[in-house]
Amino acid sequence: MNDNTSASQKAYLAALQRQKHWVTFFQWACLGLFLLLWEVCAALGVIDPFLFSSPSRMVRSCVELLSGGELFYHIGITVFETVLGFTLGTILGVGIAILLWWNPFLHRVAQPYLVILNSLPKTALAPIFIVWIGNNMGSILAVAILTSVIVTILNVLNGFLSVDPEKQKLIATFGGTKRQLFFAVILPSAVPDIMNALKINVGLSFVGVMVGEFLVSKAGLGYLITYGSQVFKLDWVMLSVVILALLSAFLYRAILYLEKAVLRWRE
Amino acid sequence: MEAIVRLHGLGLDYHSAQGETRAVEEVSFAVYPGELVSLVGPSGCGKSTILSAIAGLLPPSRGRVELAEGIRVGYMLQKDHLLEWRTIFRNACLGLEIAKKLNATTKQEVWALLEKYGLADFAFRKPSELSGGMRQRAALIRTLALKPDVLLLDEPFSALDYQTRLHAADEVTGIIRSEQKTAILVTHDISEAIACSDRVLVLSKRPAVLKNTYPIQLDGAKTPFQARESADFHCYFNQIWKDLDYHE
């Protein structure tokens with residue numbers, strides 16, 4: 001800010017800053033209040049801590065599980081499956097979208113299948129995958145990929161098709177081929193759509209991995225949740241859910257950084 | 001003088017599920033080197049279709065398009081279509097890149113054009129940082145970089161607001177004149193056609209036929225801006241207006 005900023009402008013900026021601080025304060029205050037209320041209710045017996053757990057019990061089981069090294073193992077498995085799931089789902093989805101853009105006939109043939117597959121809850125196929133692929137990580141990955149691939153195809157293809165046809169004409173006036181059109185105009189135009197697909201896929205892939213882990217029940221946070229609920233260790237269940245929330249927030253952040261890097265690279 | 005572009009009874013039809021549309025009935029005309037010719041006509045009369053046929057983007061349904069041997073045709077579209085993620089310099093190189101002619105020499109030529117037409121300072125800016133007129137100039141340089149002999153201008157100013165549009169028309173015609181290019185300008189704006197060109201061809205509504213030809217002679221007017229001030233300007237305007245017969 002330079003010296004000749006007017007007093008009213010300074011006041012405006014200060015008010016803006018103040019408001020920002022208040023928003024951050026209330027965001028944390030809500031969380032703090034919720035945890036406090038939870039802890040107090042559990043301590044006073046308003047809710048049964050055996051069924052509802054409590055923040056302090058979660059911290060205790062977190063320390064317990066961490067000391068055995070188990071928690072990191074389960075987190076690692078879930079993160080690995082999720083990242084691999086949405087990465088493969090996105091790559092496969094973009095690949096199929098490219099194919100369908102390239103061949104409009106194929107696109108028209110595939111259209112009804114895509115629409116039906118899109119509205120079908122993909123997790124319903126998880127038990128079938130377990131029968132086909134086996135009770136292992138392969139099935140979990142298959143569910144994770146399937147949950148994200150259809151949405152990716154539809155969103156990215158839509159991005160490809162929404163490029164102004166006049167831009168195609170522009171490339172045609174330079175005597176460009178379809179390949180040149182794709183790499184010079186269509187693909188870079190759709191980079192934001194691809195990044196959006198990646199963001200959506202983080203969440204979807206988590207859903208796929210959770211359902212897979214529930215069913216396969218060998219390792220991962222999903223396993224911890226089902227196992228914990230079966231043996232009435234609700235502390236484990238609650239802890240796993242909280243960790244999941246943190247993980248998804250973290251992965252989403254990572255995608256935002258990736259997006260920035262990709263957009264810079266495009267330039 | 002030998003014509004650089006000649007249309008022999010060009011006719012164009014469109015096919016769609018709803019039926020066949022006759023866009024252009026029969027149009028014949030010739031354009032000579034160094035000339036700036038305008039095609040005016042009511043909206044949807046097939047003006048742009050004629051340009052597409054000249055550029056070879058659309059096969060004629062009837063008749064033919066004859067281009068002088070070895071000439072290159074450049075096309076300029078209604079919107080600038082600069083790619084937002086490329087700098088102005090890289091946008092100006094797009095045509096060369098697609099035509100696989102991008103090398104040190106042609107890059108140098110693009111630089112020279114950017115410098116000549118006042119865009120050198122903006123070479124490494126993004127299109128979004130430029131005004132509408134500057135963007136249109138950048139688009140023209142992208143076309144000129146391929147050294148076309150004939151420029152086809154498809155309503156290149158219609159996406160601009162009125163003031164920018166007058167300026168851009170002034171600039172673009174200035175550039176075309178100074179580069180000694182031949183140009184065919186398609187427009188629905190009568191005053192733009194008169195102000196910019198040596199000859200105005202009036203087309204009927206669809207299916208298009210050639211209704212009239214006006215060689216434009218405005219005494220002392222060197223730029224489209226001055227042309228609009230000229231006394232004869234309004235005579236031409238009124239005649240073409242009558243030809244177009246908007247009340248029909």
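Guide: Start with one cut-off: buried means under 20% relative accessible area. Keep in mind that this is a predicted model.

Visitor: Why is A:Thr78 called buried?

Guide: Set the value against the cut-off. A:Thr78 has 0% relative accessibility, and buried means under 20%, so A:Thr78 counts as buried. A:Thr78 sits in helix α4 of chain A.

Visitor: What is A:Thr78 in contact with, leaving aside its neighbours within four places in sequence?

Guide: Contact means heavy atoms within 4.5 Å. By that test, the partners of A:Thr78 include A:Phe206, A:Val209, A:Met210 and A:Glu213. Also among them are A:Gly220, A:Leu221, A:Gly222 and A:Leu244.

Visitor: How far is A:Thr78 from A:Val185?

Guide: Their C-alpha atoms are separated by 37 Å. Along the chain, A:Thr78 and A:Val185 are 107 residues apart.

Visitor: Why does A:Glu259 count as buried?

Guide: Use the cut-off again. A:Glu259 has 15% relative accessibility, and that is under 20%, so A:Glu259 counts as buried. A:Glu259 lies in helix α12 of chain A. Leaving aside neighbours within four places in sequence, A:Glu259 is in contact with A:Met195 and A:Lys199.

Visitor: Which residues of helix α9 of chain A are buried?

Guide: Helix α9 covers residues 178-189 of chain A. Its buried residues are A:Gln180, A:Leu181, A:Phe182, A:Ala184, A:Val185, A:Ile186 and A:Pro188.

Visitor: What do the buried residues of α9(A) pack against?

Guide: In chain A, they pack against α4, α7 (137-161), α8 (165-173), α10 and α12. They also pack against α3 (94-98) of chain B.

Visitor: How many helices and strands does chain A have?

Guide: Chain A has 12 helices and 0 strands.

Visitor: How do you know that chain A is more spread out than a compact globule?

Guide: Compare two values. The radius of gyration of chain A is 24 Å, while the globule rule gives 18 Å for 267 residues. The value is well over the rule, so chain A is more spread out than a compact globule. Its C-alpha atoms fill a box of roughly 75 × 70 × 30 Å along the principal axes.

Visitor: How much of chain A counts as buried?

Guide: Of its 267 residues, 39% count as buried. The accessible surface of chain A is about 15100 Å², and 70% of it belongs to carbon and sulfur atoms.

Visitor: Where are the domains of chain A?

Guide: The domain assignment gives domain 1 (1-47) and domain 2 (49-266). Their C-alpha centres lie 33 Å apart. Across the two, 5 residues of domain 1 of chain A are in contact with 8 residues of domain 2 of chain A.

Visitor: How many charged side chains does chain A have, positive and negative?

Guide: Chain A has 18 positive and 13 negative side chains. The centres of the two sets lie 9 Å apart.

Definitions and conventions: Residues numbered from 1 in each chain as written. Chains lettered and ligands numbered in written order. Predicted model: local features only at pLDDT ≥ 70, side-chain atom pairs only at ≥ 80, totals over all residues. Heavy atoms only, no water. Helix = DSSP H or I, 4+ residues; strand = E, 2+ residues; numbered from the N terminus. Rg over C-alpha atoms; globule rule 2.2 N^0.38 Å. Buried < 20%, exposed > 50% of the residue type's maximum accessible area, 1.4 Å probe, protein only. Areas by Shrake-Rupley, 256 points an atom, 1.4 Å probe, with all protein chains shown as cover. Lys, Arg positive; Asp, Glu negative; His and termini not counted. Charge placed at Lys NZ, Arg CZ, Asp CG, Glu CD. Domains from an automatic or database assignment.
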